[in-house]
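The following exercises ask the reader to examine a protein model step by step. Each task is followed by a worked solution.

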Amino acid sequence: MYNNNFMKKLRRLREIKYLLCLEKVFAFVINVVVIPGCYGFQMLVVRPAIDEEYHTSTSAVVANVLFSTFLFINVIGNLGLCITTDTSLAKNLNEVTYAHEETGNYCKWCKSIRPEKCWHCKLCNACILRRDHHCVFLSRCIGRRNYRYFLLGVSYTSLATTYALYWNYLFVRAQFESFVQAFVSFAVLINPFFRIMFVFDVGYRDVSYRDIYTSYFILNILIWFWLIHVAFYHLINAAADLTTYEIMKLRKRRDFKYWKENLVNVFGTRWYYALVWPFSRSPVPERIMI
Ligand SMILES: [Zn+2]
Ligand SMILES: [Zn+2]
């Protein structure tokens, strides 16, 4: 019996380690390959093609490059800091005051008293301060210390995809003579058999770079919808000082009475710097009392 339980635990541990390894690879690909790759593609392929097609002035080109780079620094800076900031209870004990220890609850894995809203994550194997959720795209728990970076990272990624959407629309439009042609191009790429259906109508040729551009544009639209939703969801939760766990599992209702104080608790006292520059220092005012 004991042996059986032990084997089960060992298997579970292996599963978690395997999942964690996959998750880390996934997060690495997203943050180190996909996001910088998209920025590079927008700057080196999309921008020159549009500038040539629409004869953009030099000042407009400079403004576009500067704004795109500003967005990119905020996306990658915030997401990078979100990954590297340790938000576990063990690493941030200096933020917690144990005044009345009996009011805190006990974590059987960490064998320690934890403050309110602090929950244990099995993937991170730690108790996380004000745990919101475990993010697979960053392979990291989102909590009190990195919530600012998470929220700004997601918001800037939404803004960047909105901006890219406009340029990608112009870019794809310049590649095709009609909307139908662009649609056929995408349909053929996801299912080559459609070529038989469309060949007589629009005289479709072999799969080319244009089809990949159309798919990139459609992916841009889908990701944009999803990111806007995620950014808005977390922004209203932050304004109401509620975590995803409290909304989803405890079914707490949002109250925006102290939205200013709640947002300062996320972005810090120097929030005006934090909003435009991810590397600026902006301390969170409140200490956690138990
Ligand atoms: Zn724990
Ligand atoms: Zn976690």
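**Exercise 1.** Leaving aside its neighbours within four places in sequence, with which residues is L71 in contact?

*Solution.* The model is a predicted one, in which local features need pLDDT of at least 70, side-chain atom pairs count only at pLDDT 80 or more, and totals for chains, interfaces and linings use all residues. Residues are numbered from 1 along each chain as its sequence is written, while chains are lettered from A and ligands numbered from 1 in the order in which they are written.

Step 1. Locate the residue: L71 belongs to helix α2. Helices (H or I, at least four residues) and strands (E, at least two) are DSSP runs, numbered from the N terminus.

Step 2. Apply the contact criterion, by which two residues are in contact if their C-beta atoms, placed from the backbone, lie within 7 Å. Apart from neighbours within four places in sequence, L71 touches Y156, L159, A160 and Y163.

Step 3. Compare sequence with space: L71 and A160 are separated by 89 residues in sequence, yet their C-alpha atoms are 6.0 Å apart.

Step 4. Classify L71. A residue is buried if 20 or more other C-beta atoms lie within 10 Å of its own, exposed if 12 or fewer, and partly exposed in between, with C-beta atoms placed from the backbone. L71 has 20 other C-beta atoms within 10 Å and is therefore buried.

**Exercise 2.** Which span should helix α2 have at 1.5 Å a residue, and how far apart are its end C-alpha atoms?

*Solution.* Step 1. The expected span of a helix is 1.5 Å times one less than its number of residues.

Step 1. Helix α2 (residues 58–84) has 27 residues, so it should span 39 Å. Its end C-alpha atoms are 38 Å apart, which agrees.

**Exercise 3.** At what angle do the axes of α2 and α3 cross?

*Solution.* Step 1. Two packed helices are described by the angle between their axes and the distance between the axes. Axes are lines fitted to C-alpha atoms, for helices over the stretch in contact, and angles run from 0 to 180 degrees between N-to-C directions.

Step 1. The axes of α2 and α3 cross at roughly 150° and come within 8 Å. Angles under 35 degrees count as roughly parallel, over 145 as roughly antiparallel, 65 to 115 as roughly perpendicular and the rest as oblique; α2 is therefore roughly antiparallel to α3.

Step 2. List the residues involved. On α2 they include L71, N74 and V75, and on α3 they include Y156, L159, A160 and Y163.

Step 3. Consider burial in α2: its buried residues are L71, N74, V75, N78, L79 and C82.

**Exercise 4.** How many residues does the largest nonpolar core have?

*Solution.* Step 1. A nonpolar core is a set of buried Ala, Val, Leu, Ile, Met, Phe, Trp, Tyr and Cys residues joined through C-beta atoms within 7 Å.

Step 1. The largest has 26 residues, and I128, F150 and L151 have the most contacts inside it. Two or more residues come from each of α2, β5 (126–128), β7 (140–142), α3 (147–175) and α8 (259–267). Helix α3 gives the most, nine residues.

Step 2. A second, separate core of seven residues includes V46, F171, V172 and F186.

**Exercise 5.** Is H55 buried or exposed?

*Solution.* Step 1. H55 is placed in the loop between α1 (2–54) and α2.

Step 1. With 6 other C-beta atoms within 10 Å, H55 is exposed.

Step 2. Most residues other than glycine have a negative phi. The phi of H55, however, is positive, near 50°.
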